[in-house]
Amino acid sequence: MSDVRVRGAAAARIRVVRPGELDAGEIERWRELRALSGAPANPFMEPEFSQAVGRVRPGARVAVIGGDSGGPVGFFPYERGPLGQGRAIGFGVSDSQGPVLSPEHTLTTGELLSACSLSSWEFDNLEAGAGLFVPDAAEAFDSPVIDIGQGYEAYEAVLRAGSPKFFRTTTAKERRLARQAGEVRFVFDERDPAALRTLMAWKSAQYRRTGRRDRFAKEWISTLVRQLAADRPDRPDRPDRAPGCSGVLSVLYVADRPVAAHFGLRSRTVLSCWFPAYDTGFAKYSPGLILHLRMAEAAAGAGIGLLDLGRGAAEYKDALKTGELRVYEGASVRRGPRAALYRLSREPSRRAHSFVRNRPKLAGYAQRALSQMGRLRDR
């Protein structure tokens, strides 16, 4: 733990701690600042997520920013590398990132990074309201969402009007699945550890099949997911009892066999979609789409008003979404020799990815090449 007074920052005092060292009053203040921000209550931005990452990532830290009145006016969760390179906490799997700040704060990015002994801070899903770092963003992206704040029936009406063919086809496939394979059953908050293991195996196979890096091959990610799945409230039917960030494992069964599943994080009002996958033997029935419609219905019944599908282009997201949130990618870099090193090490790769991503035809070629590599690797 360190205690740093930042010059020129209205006598702000910054205390850097491990996430697990936050006291009850600081956690409550974090929640208050999130509520005051007016931003959607994304579970990745809640203190519980930072604390969960802190249990599996030794470099996880939180800067507690004090104000003139003595109480915290902000929190900045991050991870620090051995040479002072910083990243958003949970970088690589966190779908919403940024500091949690009161309008009272007077810090600049340079002052905050200096207090945290960071030469840079990298982000890839910076929340739109994180004004302190948004000017340093290199790119902006849309993160599609499903608004179920008016209830599932209202959302279904939107689908029938805007995507009538998609809705008819998906519901027809669900009926055909029941006729041909057995009774269809959905569990919104499944507690069977075997179902989570099945989902993780499906997802790893999907990563390999599409030529992408298997996230679950990283021990810290698989451990993080298992811990979040195990640490869930006893009353998932009571949204007022749900903490700011808890795991939800949803499973679609056919004749008591899992055919699609999703593990995500929820707050009281937002379900952040994270790891969906399905049994490819049932692909012709589109079980993943059926699962998402069932999730939306159950989430609405549990008091959730928004499903965040996460950044990234996908046909199923376009079919399901009702709108988008804005997220940003980039990095804040302090002036000095390490700034040049950062740009040399990161910018060429980022620009190459951006060049391909912004050209649909080229992106299609790249995806087909990755899929071919995945098939060759599995032989």
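## Aromatic cluster and ring pairs

In this predicted model, Phe44, Phe49, Phe216, Phe263, Trp274 and Phe275 are joined into a cluster by ring pairs. The count of aromatic pairs in the structure comes to 13. One of them is formed by Trp121 and Phe133, whose rings are tilted, with 4.6 Å from centre to centre and 45° between the planes. Trp121 belongs to strand E7, while Phe133 sits in the loop between E7 and strand E8 (137-147), so this pair ties together parts that are 12 residues apart in sequence. Trp121 and Phe133 are both buried.

Phe216 and Phe275, two members of the cluster, also form a tilted pair, at 4.9 Å centre to centre and with 45° between the planes.

## Salt bridges

The structure has 18 salt bridges. In one of them, the side chains of Arg34 and Glu127 meet with an N to O distance of 2.9 Å. Arg34 comes from helix H1 (residues 24-37) and Glu127 from strand E7 (residues 120-127), so the bridge ties together parts that are 93 residues apart in sequence. Arg34 is buried, at a relative accessible area of 6%, and Glu127 is buried as well, at 12%.

Glu79 and Arg57 form another salt bridge, with 2.9 Å from N to O. Here the partners are 22 residues apart in sequence, and the pair ties together strand E4 (residues 72-80), which holds Glu79, and the loop between helix H2 (47-54) and strand E3 (60-66), which holds Arg57. Glu79 is buried, with a relative accessible area of 8%, whereas Arg57 is partly exposed, with 27%. In the salt bridge between Glu219 and Arg226, the closest N and O atoms are 3.3 Å apart. Glu219 is exposed, at 52% relative accessible area, and Arg226 is partly exposed, at 39%. Elsewhere, a network of salt bridges links Glu28, Arg31 and Glu48.

## Second largest pocket

The second largest pocket holds about 380 Å³ of space. Its lining is made up of 25 residues, and those closest to the centre of the pocket are Arg34, Ala39, Glu127, Gly129 and Ala130. Two or more lining residues are given by each of H1, strand E6 (100-101) and strand E14 (323-333).

By class, this lining consists of 12 nonpolar, eight polar and five charged residues.

## Cysteines

The count of disulfides is zero. Cys116 is buried, at 4% relative accessibility. Cys245 is also buried, with a relative accessible area of 5%.

Methods
Residues are numbered from 1 along each chain as its sequence is written. This is a predicted model: local features need pLDDT of at least 70, side-chain atom pairs count only at pLDDT 80 or more; totals for chains, interfaces and linings use all residues. Side-chain values use heavy atoms; hydrogens and water are left out. A salt bridge is a side-chain nitrogen of Lys or Arg within 4 Å of a carboxyl oxygen of Asp or Glu. Helices (H or I, at least four residues) and strands (E, at least two) are DSSP runs, numbered from the N terminus. Buried means under 20% relative accessible area, exposed over 50%, partly exposed in between (1.4 Å probe, protein chains only). On a 1 Å grid over the protein atoms alone, a cavity is a set of points where a 1.4 Å probe fits but cannot get out, and a pocket is an open set with protein on both sides within 12 Å along at least five of seven lines; lining residues have an atom within 4 Å of a point. Grid points are joined across faces, edges and corners, and a volume is the space filled by probe spheres set on the points. Ala, Val, Leu, Ile, Met, Phe, Trp, Tyr, Cys and Pro count as nonpolar, Asp, Glu, Lys and Arg as charged, and the others, Gly among them, as polar. A disulfide is a pair of cysteine sulfur atoms within 2.5 Å. Rings of Phe, Tyr and Trp (its six-membered ring) pair if their centres lie within 6.5 Å; planes under 30 degrees apart count as stacked, over 60 as edge-to-face and the rest as tilted.
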